[in-house]
Amino acid sequence: MNSLLHPVRPILSFHHTRSSTSPSAHDSAAATSAGKTHDTLPRLQASERKPKTQQDDYHSTLKALNSKGRFPRKSLGQHYMLNGSVNEELVAAANVKEGDVVLEIGPGTGSLTSVLVEAGATVLAIEKDPYMASLVRERFTGLECVKVVEEDFTRSHLRSHMSSFFSSKIPADGYSSTAKVVANIPFNISTDVVKQLLPMGDIFSEVVLLLQDEAALRLVDSSKKSSEYRPINIFVNFYSVPEYKIKVSRTSFFPQPKVDAAIVAFKLKQSADYPHVSSIKSFFSMVNSAFNGKRKMLRKSLQHICPSPDIEAALTAVNLLPTSRPEELTLEDFVKLHNLIVNA
């Protein structure tokens with residue numbers, strides 16, 4: 001069973017500024033992504049990638065936030081990390097090393113950013129909150145290995161940002177040909193982030209996210225015949241190989257959320273490794289239709305695609321009962337069914 005990270009003792013007041021027992025802490029904000037410029041990241045010499053040492057603790061977090069007159073914003077799902085080892089676990093899960101290009105979503109005050117840069121990465125940080133974007137820019141002033149883009153990640157021109165960077169570099173710089181994603185994201189946009197990133201295996205090799213624990217378990221566990229088995233499970237496994245890494249206690253955050261979190265790593269597939277379907281769009285359209293009538297048999301919920309007798313025949317052809325329901329099918333089953341009834 002995955003181990004539980006033991007967090008530092010949380011402090012519950014934003015106005016507590018003196019304490020001889022205050023914990024050391026890192027403060028990665030799970031703010032939604034952001035940025036307004038589409039400039040390319042500059043190429044760096046290896047010696048330029050290391051940040052100036054700056055200790056992240058509870059008091060430095062409050063000082064940084066107060067400098068911008070900020071409090072965690074519920075509307076942005078902002079929670080600040082109080083356990084520095086979580087940032088290290090995130091970076092380790094992605095195996096970040098010298099020369100890696102990393103996309104960070106919602107850098108907050110930059111504690112995770114700092115760990116990424118210390119590992120030798122060049123970081124493109126997308127931050128929605130203009131105050132936090134300004135704070136991170138100020139923190140890493142003079143370090144060309146960090147580029148902050150003020151933009152809502154869910155509406156960002158991500159391919160444009162990444163392709164601009166890769167087109168500007170030369171192989172001799174030591175960069176990897178693909179980037180990685182490492183982020184502590186707001187729980188309320190986790191599904192949107194996963195849907196946006198996982199089909200981008202041509203750009204990203206790994207996506208490592210800190211998610212709500214229950215959501216993490218649902219995404220990784222592809223067990224059928226479960227009430228939690230949904231189209232997102234088919235989607236995740238179509239585009240990636242997911243792995244639940246480690247559970248993170250809710251007491252690791254400030255303000256403390258109502259649920260625990262977990263680190264999940266998604267190893268993205270290349271398009272050549274996707275399950276073979278005649279049309280990815282029509283495949284997921286069929287899957288969504290199947291689950292829209294979850295209590296219905298597939299011969300009923302998919303009869304808009306082809307007649308029920310043809311669906312029954314296709315189910316029988318892939319060794320399934322003609323009365324099968326969507327929660328009884330694996331990804332492979334859905335692929336076989338789609339190729340039979342769509343091409344029929």
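Select residues 122-127, strand β4, together with β5: the two strands pair in parallel over five bridges (pairing requires at least two DSSP bridges between strands; strands are DSSP runs of E with at least two residues, helices runs of H or I with at least four, numbered from the N terminus). This is a predicted model, in which local features need pLDDT of at least 70 and side-chain atom pairs count only at pLDDT 80 or more, while totals for chains, interfaces and linings use all residues. Residues are numbered from 1 along each chain as its sequence is written, and side-chain values use heavy atoms, without hydrogens and water.

Next, display Val123, whose bridge partner in β5 is Val146. Between β4 and β5 the chain passes through helix α4 (residues 130-139) in a right-handed β-α-β crossover (clockwise from the first strand over the helix to the second, with the strands pointing away from the viewer).

Move to Phe238 in helix α8 (residues 231-239) and Phe284 in helix α9 (residues 280-292), 46 residues apart. Their ring centres are 5.1 Å apart and their planes at 70°, so the pair is edge-to-face (centres within 6.5 Å, planes over 60 degrees apart). Phe238 is buried at 0% relative accessibility, and Phe284 is buried at 13%.

Finally, select Phe235, Phe238, Tyr239, Tyr274, Phe283 and Phe284, which form one aromatic cluster.

Definitions and conventions:
Rings of Phe, Tyr and Trp (its six-membered ring) pair if their centres lie within 6.5 Å; planes under 30 degrees apart count as stacked, over 60 as edge-to-face and the rest as tilted. Buried means under 20% relative accessible area, exposed over 50%, partly exposed in between (1.4 Å probe, protein chains only).
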